[in-house]
Amino acid sequence: MALHVRGTVLPDGDVKDLWLVGDRVTFEPVRDAETISDGGFVVPGLVDAHCHLGIAFGAKPITRLEQARELAVTDRDAGVLALRDAGSPYPYPELEDEPEIPRLARAGRHVAPPKRYLRDVGVEVDGIDDVRAAVTEQARAGNGWVKLVGDWIHRDKGDLAPSWDAETMAAAVDAAHAAGVRAAVHTFSEEGVDIMVRAGVDSVEHGTGLSLDLIDEMARRGTALVPTMINIRTFAGIAERARDKFDTYADHMIRLMEGFPAVVRAAHEAGVPIYVGTDAGGGIRHGLVAEEMLILEEAGLPAEDILAAGSWRAREWLGFPGLVEGGLADLIVYEADPRADLRVVRAPSRIVLKGRVIR
């Protein structure tokens, strides 16, 4: 049965009628459609552009498909109807075909340097040829993305350091593109993010080490930033736990955390494409996209731009069309205007995923 929705549809802000026929949107009236919502503000389904369905809270790989399904449902029930898994040690392609699971953009396992990332999470390789081969393999394991670990703590140096030399890191990005996928890079440090942006990476995850010059370069290239600000707020705890052994690293992490709101604000002002992501899995629980959006607002980004970064613009970036003729039948209805008060995103009154009423 076709469904009918009427309300103020964002981003245009006009009152419209939508008909949902199967998994598609049309503006052409459909006879005998069931009206499921009349009034309120209609938004294309939210997006968490950086999460991990294959990692349980506490940074442990999941071991069963049902665990990944439960995490995806937690996000869905918060209004997140599309996810980009930025690296998973557990494969779950079966979920892509499930009608009640958010749409999925997936990377394979993280490609990381030996003994310098979360235990049992990444594929650990060294040397330019092995890194290239690992990237090519993980491109096949995902459905459009590869995740590279651009830096991590180097225990001998006592601070953050790039994962490999600049030639190897550039080769990793080239290998992803040669395999027909986009490359996302985890990076906290100044040196790591500089190497990866200039190597042509498609998205910077976290990006605490960004400089103003590099922000301008990202804007010129169209390189995306997924700042995961809710995760960056955990740096204080990371620094405290590390301080006894790695005092320089601890101080560095605190500086990065404290300066990050200004970095994100500068990136927005420079025109860098910014998307909402939580880094759920590991140290952040799923279902917190609304909180990430509110932290972006605290950093100084306008509410409407944050909505775009967490909805229609992010969906376009990931290849999941919004509420346009022939677009995908994913929507949320809010009783009040989230552009006027972003806290509204915490309380969707109606959720429709793939043409099916979830709430």
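Let me begin with the conventions. In this predicted model, local features need pLDDT of at least 70 and side-chain atom pairs count only at pLDDT 80 or more, whereas totals for chains, interfaces and linings use all residues. Residues are numbered from 1 along each chain as its sequence is written, and side-chain values use heavy atoms, with hydrogens and water left out.

The search runs on a 1 Å grid over the protein atoms alone: a cavity is a set of points where a 1.4 Å probe fits but cannot get out, and a pocket is an open set with protein on both sides within 12 Å along at least five of seven lines. Lining residues have an atom within 4 Å of a point. Grid points are joined across faces, edges and corners, and a volume is the space filled by probe spheres set on the points.

The largest pocket holds about 920 Å³ of space. Its lining comprises 35 residues, and those nearest the centre are Leu 118, Trp 152, Ile 238, Arg 241 and Tyr 249. Two or more lining residues come from each of β13 (151–154), α7 (235–242) and α8 (247–270). Helices here are DSSP runs of H or I with at least four residues, strands are runs of E with at least two, and both are numbered from the N terminus. Helix α7 gives the largest share of this lining, four residues. By class, the lining of the largest pocket has 15 nonpolar, eleven polar and nine charged residues. For these classes, Ala, Val, Leu, Ile, Met, Phe, Trp, Tyr, Cys and Pro count as nonpolar, Asp, Glu, Lys and Arg as charged, and the others, Gly among them, as polar.

How many cavities of 30 Å³ or more does a search of the whole structure find? The search finds one. The largest cavity has about 30 Å³ of space, and Arg 84, Asp 85, Ala 86, Ala 107, Trp 145, Val 146, Lys 147 and Ala 184 line it. Strands β8 (80–85) and β12 (145–149) each supply at least two residues of that lining, with the largest share, three residues, coming from β12. Its lining divides into five nonpolar, no polar and three charged residues.

Next, the helix pair. The axes of α7 and α8 come within 8 Å and cross at roughly 170 degrees; axes are lines fitted to C-alpha atoms, for helices over the stretch in contact, and angles run from 0 to 180 degrees between N-to-C directions. The two helices are therefore roughly antiparallel to each other, a term for angles over 145 degrees. On the α7 side, the contact (heavy atoms within 4.5 Å) is made by Phe 235, Ala 236, Ile 238, Ala 239 and Ala 242, and on the α8 side by Tyr 249, Ala 250, Met 253, Ile 254, Leu 256 and Met 257. These residues divide into eleven nonpolar, no polar and no charged.

I now consider two residues in strands. Val 333 lies in strand β18 (residues 331–334) and Ser 37 in strand β4 (residues 34–44). Val 333 counts as buried because its relative accessibility is 3%, where buried means under 20% relative accessible area, exposed over 50%, and partly exposed in between, with a 1.4 Å probe and protein chains only. Ser 37 is also buried, at 10%. Leaving aside neighbours within four places in sequence, Val 333 contacts Ser 37, Gly 39, Gly 40, Phe 41, Val 42, Pro 348, Ser 349 and Arg 350. With residues up to four places away likewise not counted, Ser 37 touches His 4, Val 5, Arg 6 and Val 333.

Finally, the backbone. Most residues other than glycine have a negative phi, and most peptide bonds are trans. Here, a cis peptide bond joins Leu 10 and Pro 11, with omega about 15 degrees; Pro 11 lies in the loop between β1 (3–9) and β2 (14–21). Ala 59 has a positive phi, near 70 degrees, and sits in the loop between β6 (55–56) and β7 (60–61). Asp 279 has a positive phi of about 65 degrees and belongs to the loop between α8 and α9 (289–298). Is Asp 279 buried or exposed? With a relative accessible area of 10%, Asp 279 is buried.

Technical notes. Angles under 35 degrees count as roughly parallel, over 145 as roughly antiparallel, 65 to 115 as roughly perpendicular and the rest as oblique.
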